[in-house]
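Student: I have a structure open and have not looked at it before. Can we go through it together?
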Amino acid sequence: MTDAQTETRSVVVEKVMPHPPEKVWRAITTPALMEDWLMKNDFEPRVGHEFTFRHDPTPQWDGVVIGRVIEVEPPERLAYTWGSLGLESVVTWTLTPTPSGTHVRMEHAGFRPDQEHAYRGATAGWSRFVDNLARVLDTA
């Protein structure tokens with residue numbers, strides 16, 4: 001395999017939110033809040049925990065994501081695997097305090113060149129999810 005065949009891409013979404021890192025952390029790790037901005041789930045912020053995200057299926061996707069928590073450093077860093085549509089990738093959240101709130105960085109890494117459709121879907125999806133997260137934080 002050549003390097004071009006093994007290279008992967010990432011979707012990165014960054015946003016400064018006018019809330020402290022602890023509040024953002026709660027929203028990205030509490031199942032009921034995650035359901036409000038992401039998907040139905042049985043998530044627990046515990047290394048090794050296996051979980052499922054569920055959404056209404058589409059013609060291109062069964063609506064199921066299987067994951068496993070691989071890193072938990074409250075309230076700064078959370079990482080979990082993301083398995084869907086043959087994609088085995090990693091989602092990492094990094095929360096950095098700022099004078100006006102929290103710099104939120106979400107990176108979904110591991111898209112192979114043959115997964116262009118999944119990459120485009122994730123690019124649109126994560127932008128929408130992070131916007132939803134901001135709305136949940138504003139009302140929580």
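Tutor: We will start with the whole chain and then turn to its parts; keep in mind that this is a predicted model.

Student: How many helices and strands are there in the protein chain?
Tutor: The secondary structure of the protein chain comes to four helices and seven strands. Read from the N terminus, the order of elements is α-β-α-α-β-β-β-β-β-β-α.

Student: And what is the radius of gyration?
Tutor: The radius of gyration of the protein chain is 15 Å. The globule rule gives 14 Å for 140 residues, which is close, so the chain is as compact as a globular protein of that length. Along the principal axes, the C-alpha trace spans about 45 × 30 × 30 Å.

Student: What share of the residues is buried?
Tutor: Buried residues are 43% of the 140 in the protein chain.

Student: Which residues touch the most others in the largest nonpolar core?
Tutor: That core has 36 residues, and the ones touching the most other members are I28, W37, L38, F53, Y80, W93 and W126. Helix α4 gives the most to this core, with 10 residues.

Student: Take I28, then. What does I28 touch?
Tutor: Not counting residues up to four places away in sequence, I28 touches M34, W37, F43, L78, W93, L95 and L133.

Student: Back to α4. How far apart are its end C-alpha atoms?
Tutor: They are 35 Å apart. Helix α4 covers residues 116-139, and at 1.5 Å a residue its 24 residues should span 34 Å, so the two values agree.

Student: Which residues of α4 are buried?
Tutor: The buried ones are A118, Y119, A122, G125, W126, F129, V130, N132, L133, A134, V136 and L137. W126 is also one of the core residues that touch the most other members, and L133 is among the residues that I28 touches.

Student: Buried or exposed?
Tutor: H49 has a relative accessible area of 10%. Buried means under 20%, so H49 counts as buried.

Student: What does its side chain reach?
Tutor: The side chain of H49 reaches the backbone oxygen of D42, at 2.8 Å. Leaving aside neighbours within four places in sequence, H49 is in contact with D42, F43, E44, G67, R68 and V69. F43 is on the list for I28 too.

How values were computed:
Residues are numbered from 1 along each chain as its sequence is written. This is a predicted model: local features need pLDDT of at least 70, side-chain atom pairs count only at pLDDT 80 or more; totals for chains, interfaces and linings use all residues. Side-chain values use heavy atoms; hydrogens and water are left out. Buried means under 20% relative accessible area, exposed over 50%, partly exposed in between (1.4 Å probe, protein chains only). A polar contact is a pair of N or O atoms within 3.5 Å; within protein, one must be able to donate a hydrogen and the other to accept it, and residues adjacent in sequence count only if both atoms are side-chain atoms. Contact means heavy atoms within 4.5 Å. Helices (H or I, at least four residues) and strands (E, at least two) are DSSP runs, numbered from the N terminus. The expected span of a helix is 1.5 Å times one less than its number of residues. A nonpolar core is a set of buried Ala, Val, Leu, Ile, Met, Phe, Trp, Tyr and Cys residues joined through side-chain atoms within 4.5 Å. The radius of gyration is taken over C-alpha atoms; the globule rule is 2.2 Å times the number of residues to the power 0.38.
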